[in-house]
Amino acid sequence: MDYTIRKAVPEDMPAVLELIQELAEFEKEPDAVIITAEDLKRDGFGENPSFICFVAEVNRKIEGMALCYYRYSTWKGKTVHLEDLVIRKDFRQKGLGKALYTKVIEYAKKQGVKRVEWVVLDWNTPAKNFYTKSGALVFDDWCTVQMDEQAMDEYLRNAR
């Protein structure tokens, strides 16, 4: 299968949003996505973009994407966080995921960062196996912690 991996442009964001929604459905959170294509265009492009996105095209149609951004580790310095890597269901197991993954790792090396990091759901065994096989460490002893907007508001009301 012929495909192209390239840096996304603003016009790609509707297709990227479709992929984000497909990932949310795969992760059993279909109603969790509240972002819009306009949000992605605003936040990913311009003078101070919040992220970089790579897309995988097959026959000039976007069938996969990887979105990442910088983080800062007090132990390692500048790092890259891979937020999402998703391939449309009909194109999985055809090399697109590995190609996007490789593109992110190449990008991180080119940026001179000391680490690339991401999270994976504990039940996503195929992904965990792929990552381990690639040389990544999948930690069992670290837990992801998040606070949504409602929890932030409530915390701030009660913290005073």
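Trainee: Where is the place of E117, and is E117 buried or exposed?
Mentor: In this predicted model, the place of E117 is in strand β5, which covers residues 116-117. Buried means a relative accessible area under 20%. The relative accessible area of E117 is 18%, so E117 is buried.

Trainee: How far apart are the closest N and O atoms of E18 and R88, and which parts does the pair tie together?
Mentor: E18 and R88 form a salt bridge, and their closest N and O atoms are 3.2 Å apart. Because E18 lies in helix α1 and R88 in the loop between β4 (77-87) and α3 (96-111), the pair ties together parts that are 70 residues apart in sequence. E18 is partly exposed at 46% relative accessible area, whereas R88 counts as buried at 12%. The answer is thus 3.2 Å, with helix α1 tied to the loop between β4 and α3.

Trainee: Which residues are linked with E18 and R88 in a network of salt bridges?
Mentor: E22 also forms a salt bridge with R88, with the closest N and O atoms 3.9 Å apart, and the side chains of E63 and K61 meet in another at 3.8 Å. The network that holds E18 and R88 also includes E22, K61, E63 and R92.

Key
Residues are numbered from 1 along each chain as its sequence is written. This is a predicted model: local features need pLDDT of at least 70, side-chain atom pairs count only at pLDDT 80 or more; totals for chains, interfaces and linings use all residues. Side-chain values use heavy atoms; hydrogens and water are left out. Helices (H or I, at least four residues) and strands (E, at least two) are DSSP runs, numbered from the N terminus. Buried means under 20% relative accessible area, exposed over 50%, partly exposed in between (1.4 Å probe, protein chains only). A salt bridge is a side-chain nitrogen of Lys or Arg within 4 Å of a carboxyl oxygen of Asp or Glu.
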